[in-house]
Every structure is written in structure tokens, then in C-alpha cells.
Amino acid sequence: MHESIGIPACFSSGERTVDDQAAVTRSSQSVFMSVYRTKIAGQCRLITITWCKDLLLHGLSVSVEGPEGDSHYQSKVELKPWYFWRKQGSKRFTVDGKTVDVVWDLKAAKFNGETEPRSDYYVAVVCEEEVVLLLGDLKKDAYRKTGSRPALIEPNLVSRKEHLFGKKKFSTRAKFHETGGSHEITIEIECNNGLNKSGSSGEFDHEMEIRIDGRLVNHVNHLQWKFRGNESVYVDKTRVEVYWDVHDWLFSSGPRQGLFIFKPISSSTIMLSTPGEDYRGGSSKFCLFLYAWKVE
């Protein structure tokens with residue numbers, strides 16, 4: 001049995017944050033979480049895939065939603081560079097009486113400095129001889145290794161959540177749709193020392209820029225007055241609502257978190273005030289959550 005890794009339990013499978021995120025700030029781990037909805041053990045459940053990275057290791061955690069939305073079933077793997085045998089293996093647990101296998105092969109995985117691998121790997125979740133979730137590009141290897149068939153129901157990507165650390169610039173790559181291309185997202189904050197009418201130093205004036213694939217999509221002046229807001233931008237002809245809350249960046253001390261939400265909007269979607277919901281009910285629409293931790 002593999003040892004557990006201290007992956008920060010920042011979120012439950014059900015889109016709720018916990019009150020204490022100290023585990024993230026103490027370790028300064030980069031954390032990347034993807035939440036999928038699919039049928040497993042006879043019910044539609046959320047499966048959360050968590051990747052984390054610090055100076056010593058990469059970590060992988062797979063959790064399946066249990067009763068009342070709890071992250072009840074979990075498998076964790078640590079990928080220390082000197083433990084080569086742990087880069088390939090499997091873990092078994094039971095969900096409502098049904099056997100679930102998590103099978104992975106990360107021997108040749110290319111991370112390219114990122115938290116989540118980019119190529120040459122697979123992670124498969126198998127239940128009742130079906131691969132209910134398959135990540136990575138080595139799909140043929142995964143089906144051959146597990147001896148299982150693809151599931152009839154395609155998993156639905158519900159959300160992606162990432163924790164980033166930096167002083168004034170934060171960068172990541174993400175998809176706004178599971179089948180779409182990857183986009184580079186850059187968020188940068190600047191602090192300018194303004195001058196008052198007498199020419200002496202006045203209040204500090206902050207501004208923020210958000211770029212997607214190098215293109216400026218949002219520029220906020222006087223951020224100390226506009227630390228919360230939203231803006232509609234377009235990426236590959238798709239409308240994306242961008243929400244931000246950087247109050248703690250400006251008015252708190254220590255490690256400070258800024259929250260950014262990127263939500264693709266289809267032409268038929270009618271938005272409510274809460275991201276991730278619409279009037280039609282049913283499954284939540286996709287959201288990308290970026291938690292940018294400002295450290296000095």
C-alpha cells in the first residue's frame with residue numbers, strides 16, 4: 001500500500017471551500033484540481049483529481065464523492081524522484097459495495113515544470129469493468145493494462161481549481177473547454193506611488209492586467225477602489241466571464257489570496273448571480289478557479 005501524501009484538502013468534491021487553507025500557505029505547494037461528474041457504482045458522482053508540486057515531490061490524489069457529497073473515498077500517491085517504483089501502480093477501494101481501481105503510469109510523464117503532467121502518462125479510474133475516467137494521452141496503454149472497456153457515459157468536466165504563488169505576476173495554462181486548446185493566462189499587479197498636488201508622495205495606486213495568450217483582455221486602474229468586479233472577454237469567439245476578488249492582496253498581511261473565476265458562457269445560458277448555476281438546473285456549468293497567493 002502506498003503512503004499517504006499531505007495534499008492540502010483545500011476543497012471538497014462538491015465545490016465548497018473549507019475555512020482553513022493554512023495547509024496550502026504553509027507549504028507553498030502548487031495545487032491543481034479537476035472535478036469531473038460521471039456515473040460510478042450506479043450513481044452520478046463527482047471525482048476529484050488533485051495534483052500538487054513542491055520542491056521535493058509531485059503528488060496525485062483521486063477522491064470519489066461519498067454520501068451527502070463528502071469526499072469519502074480517496075487514493076493518494078507520492079512521486080518522489082528517488083522512488084521510481086511508485087510512478088506506476090494501482091490502488092483499490094470500495095464505493096457502495098462496488099470495487100473501484102485507480103491505475104496510473106507516470107514513468108515517462110513529462111511535466112515541463114508544471115504541476116499537472118503534459119504528456120506520456122495515464123491515470124484511469126475503473127469500476128465494473130468500465131474505465132469511467134481516463135486522463136492522459138496513453139489511452140491504448142490504459143485500456144490494455146486495465147483490461148476494461150470505455151464507459152458508455154462520457155465524464156463531464158465540472159471545474160478546475162489551481163493555487164499559484166508569486167509576488168506580482170501569476171501565470172498558468174488552462175482549457176476553457178475539455179475539447180478545446182490550452183490557453184496561457186497571466187495576471188499581473190503593479191503598484192505606482194502617486195503624487196499629490198504639492199508634488200510629494202501620495203497614496204499608492206494599484207493596477208491589474210489580465211492577459212490570455214499574450215492579449216490584454218482586462219486592465220483595471222485604481223484597483224484599491226475596484227478590488228472586486230467582473231468583465232466579459234472573448235477567447236476564440238467564446239464569451240468568458242471573468243470575476244475577481246483581490247481585497248486581501250491590498251488590505252491584508254502575510255500570504256494573501258486573490259480569487260479569479262473564468263466561466264465560459266454559451267449563447268443559450270442565462271446567468272444567475274452565482275457562477276456555476278443557471279436557470280435550467282441540472283449539472284453545473286464549467287468554471288475555472290484560480291487562487292493567486294501573493295507572497296513577499
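Student: Which residue of strand 7 does Val100 stand opposite?

Tutor: This is a predicted model, in which local features need pLDDT of at least 70 and side-chain atom pairs count only at pLDDT 80 or more, while totals for chains, interfaces and linings use all residues. Residues are numbered from 1 along each chain as its sequence is written, and side-chain values use heavy atoms, with hydrogens and water left out. Strand 6 (residues 98-105) and strand 7 pair in the antiparallel sense over six bridges, where strands are DSSP runs of E of at least two residues, helices are runs of H or I of at least four, both numbered from the N terminus, and two strands pair if DSSP finds at least two bridges between them. Within this pairing, the residue opposite Val100 is Cys127.

Student: Which residue of strand 8 stands opposite Cys127?

Tutor: Strand 7 and strand 8 (residues 130-136) run antiparallel and are joined by six bridges. They form a hairpin with two residues between them, and Glu128 in the turn has a positive phi of about 55 degrees. On the strand 8 side, the residue opposite Cys127 is Glu130.

Student: Why is strand 7 described as largely enclosed by the rest of the structure?

Tutor: Tyr122, Ala124 and Val126 point one way from strand 7, whereas Val123, Val125 and Cys127 point the other way, and all are buried; buried means under 20% relative accessible area, exposed over 50% and partly exposed in between, with a 1.4 Å probe and protein chains only. Strand 7 (residues 122-127) is therefore largely enclosed, the number of its residues that are buried being six of the six.

Student: With which side chain does the side chain of His183 make a polar contact?

Tutor: His183 is placed in strand 12 (residues 182-195) and counts as buried at 7% relative accessibility. Leaving aside neighbours within four places in sequence, its contacts (heavy atoms within 4.5 Å) include Thr172, Phe176, Ile212 and Asp236. A polar contact is a pair of N or O atoms within 3.5 Å, where within protein one must be able to donate a hydrogen and the other to accept it, and residues adjacent in sequence count only if both atoms are side-chain atoms. At 3.4 Å, the partner of the His183 side chain is that of Asp236.

Student: How are the rings of Trp51 and Phe111 arranged, stacked or edge-to-face?

Tutor: Rings of Phe, Tyr and Trp (its six-membered ring) pair if their centres lie within 6.5 Å, and planes under 30 degrees apart count as stacked, over 60 as edge-to-face and the rest as tilted; by this rule the count comes to six aromatic pairs. The rings of Trp51 and Phe111 have centres 6.3 Å apart and planes at 75 degrees, so the arrangement is edge-to-face.

Student: How many residues apart in sequence are the parts that the pair of Trp51 and Phe111 ties together?

Tutor: Trp51 is buried, with a relative accessible area of 1%, and Phe111 counts as buried at 15%. Because Trp51 lies in strand 2 (residues 43-53) and Phe111 in the loop between strand 6 and strand 7, the separation of the parts tied together is 60 residues.

Student: Are the rings of Phe170 and Trp249 stacked or edge-to-face?

Tutor: Phe170 is buried, with a relative accessible area of 2%, and Trp249 counts as buried at 3% relative accessibility. The ring centres of Phe170 and Trp249 are 5.4 Å apart and the planes are at 15 degrees, so the pair is stacked.
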